[in-house]
Amino acid sequence: MYLSSAASEAVASALHKIASRSLTSSSAATSHIIILGGGIAGLSTARYLLGHTQQHRSVNITLIDRNVVDNNNNNTPSSTYKEQQTEYPHFSTPSRRNGNVLCPSLTIPWTTRSLFNEAIKPAIKSVFAFNNNQADRPAITFDWKSLMSDRSMYSFATHYLLQKMIYKPPKQHQCNKSILEYNMECLDDPSDALVQSIDYGRFAQGTQLVDGKVVEGDSSGDVGLFCRGLLRGLQCEYDDRFVVRSEESVDSLVLTGDHHASNDNGQQHHQDSLSAVVIVDRNGIQSTIHADQFVIAMGNESRPLCDKIHVPCPIYPVKGHLVTISSSVDCIYNITLPNGIGYAAPMDHKVNGRRLYRLSGFVDFTPNKEPDQHRIDALVNAAKIHLDDVEVIDASACHRPFSADDRPIIGPAAKFGNVFLCTGFGSRGWSVGLGSGSLLASLILGLPCNVDPEPYLPRRFGARYF
């Protein structure tokens, strides 16, 4: 849902008041923002903060992530897709933790079906499936034996039930549609020379649905390559304002003392704020970094970090499976697998004349991170319906940060005037990441928003539900 210019400015102005309360007059000209997380969410937020502030106000950014590869060390990432293909075998081309799909058509969230069909029925089936290790488990499963002892699952389930009563399927559908379409606009923005210079192996020319129809506007590409290219571009273009602290992890957050701020009515009220983060390097050495504002964009690790400062962030790590295959069939479309279990995304790469595909699918609520052979077989067998002569190259599983309503969490955190969230992308990280970073940057800087931020704001998850 796109906003009128007046409405967009009104929303951005209101949220900007929240953000600006943490900045003193002396820091108005130049502020320091720490971004925790160097994936698609954190890097995209940095890209738009730095790009916008050239014309508005100066911002210096420190990005912290223990897995970010700094271009100054010996493990310099490849800058182009062809270089990546040459340096690494096809089984690591290069991100094994992403389905490669760029699909604005992925608008229908898994939370839109009836409560019985979506949660209760699969839950009952999964109890017996896990006990008997059946191969035909439903697409959504719950490992109740493990989940019942996980306190974070109770929080997630509570918010999930509340959101399901508040937001009906049509509204959920439109919310996801807006950010998905905006993400593609950001990727295709001809005025953004930095993004357009990144070679991330974009290939597919649409998505083939179960009924055989093709949805145009969808594509495929490698988010790992995109992030590497974006990191390199930011370091080159903003070397004096963009610092990367790699191989360091967040140990704790430092809160200020009593802090009073004025609300929109001019009334004084207590409001917490962060002043610094304590990080630790791989040698165990701690250091403290102070900043004016903070962005938490750490995927699955966002919720544990938010728990430390009592900020509602109901996301849960949900396991999905990924399989890389090759086939003699050269398809130019993403393929929707039967029964909605997942997708087959063609890659811009061949091995011995055979097209590579990335299969992705399933929603398994379980702390177990190990790949499930039954899930892998199910994805491969589903792909064989559309593709001939399939050869499995590798398979893996990963946890994805699902929010309780299957919508991204973007905006100022509850109770804090200088903390912002950009997380909860679920299985759509690549399809919403760049657009989410752009939206958050506009909210932080008080600029007009190109999409309505209201459906994604963290405040939809009230602290009273914990």
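Colleague: What is the strand order of the open sheet, and how do the strands pair?
Modeller: This is a predicted model. In it, 6 strands form an open sheet in the order S8-S2-S1-S14-S21-S20. The pairing is mixed.

Colleague: What makes S8 and S20 edge strands?
Modeller: Strand S8 (242–246) and strand S20 (409–412) each pair on one side only. Neighbouring strands of this sheet are turned by 15 degrees against each other on average, direction ignored.

Colleague: How do you know that S14 and S21 count as paired?
Modeller: Pairing needs at least two bridges. Strand S14 (residues 293–296) and strand S21 (residues 419–423) have 3 bridges, in the parallel sense. Phenylalanine 294 has valine 419 in S21 as its bridge partner.

Colleague: Why are S16 and S17 called a pair?
Modeller: The requirement is at least two bridges. Strand S16 (residues 334–336) is joined to S17 by 2 bridges, and the strands run antiparallel. Isoleucine 335 has alanine 344 in S17 as its bridge partner. The hairpin of S16 and S17 has 5 residues between the strands, and asparagine 339 takes a positive phi near 65 degrees there.

Colleague: What joins S17 to S18?
Modeller: S17 and strand S18 (residues 354–365) pair over 7 bridges in the antiparallel sense. Lysine 350 stands opposite arginine 355 in S18. This hairpin has 2 residues between its strands. In the turn, asparagine 352 has a positive phi of about 55 degrees.

Colleague: Why is S17 described as mostly covered?
Modeller: A residue is buried under 20% relative accessible area. In S17 (residues 342–351), 8 of the 10 residues are buried. Across the protein chain, buried residues make up 56% of the 466 residues.

Colleague: How many aromatic pairs does the whole structure hold?
Modeller: The search finds 4. One of them joins tyrosine 200 and phenylalanine 226, with 5.5 Å centre to centre and 85 degrees between the planes.

Colleague: Why is the pair of tyrosine 200 and phenylalanine 226 called edge-to-face?
Modeller: Centres must lie within 6.5 Å, and planes over 60 degrees apart count as edge-to-face. With 5.5 Å and 85 degrees, the pair is edge-to-face. Tyrosine 200 sits in the loop between helix H8 (193–196) and strand S5 (207–208), while phenylalanine 226 is in helix H9 (residues 223–237), 26 residues apart.

Colleague: What is the geometry of the pair of phenylalanine 226 and tryptophan 430?
Modeller: The centres are 5.2 Å apart, with 50 degrees between the planes. Stacked needs under 30 degrees and edge-to-face over 60. The pair is therefore tilted. Phenylalanine 226 lies in helix H9 and tryptophan 430 in helix H12 (residues 429–445), so the pair ties together parts 204 residues apart in sequence. Tyr200, Phe226 and Trp430 form one aromatic cluster.

Colleague: How do you know whether phenylalanine 226 and tryptophan 430 are buried or exposed?
Modeller: Buried means under 20% relative accessible area. Phenylalanine 226 has 0%, so it is buried. Tryptophan 430 has 2%, so it is buried. Tyrosine 200 is buried too.

Colleague: What makes arginine 375 a charge over the ring of phenylalanine 362?
Modeller: CZ of Arg must be within 6 Å of the ring centre and within 35 degrees of the ring normal. The charged end of arginine 375 is 3.9 Å from the centre of the phenylalanine 362 ring, and sits over that ring. Arginine 47 lies over the face of tyrosine 48, at 5.8 Å from the ring centre.

Note on methods
Residues numbered from 1 in each chain as written. Predicted model: local features only at pLDDT ≥ 70, side-chain atom pairs only at ≥ 80, totals over all residues. Heavy atoms only, no water. Buried < 20%, exposed > 50% of the residue type's maximum accessible area, 1.4 Å probe, protein only. Helix = DSSP H or I, 4+ residues; strand = E, 2+ residues; numbered from the N terminus. Axes fitted to C-alpha atoms, helices over the stretch in contact; angles between N-to-C directions. Phe/Tyr/Trp six-rings, centres within 6.5 Å; stacked < 30°, edge-to-face > 60°.
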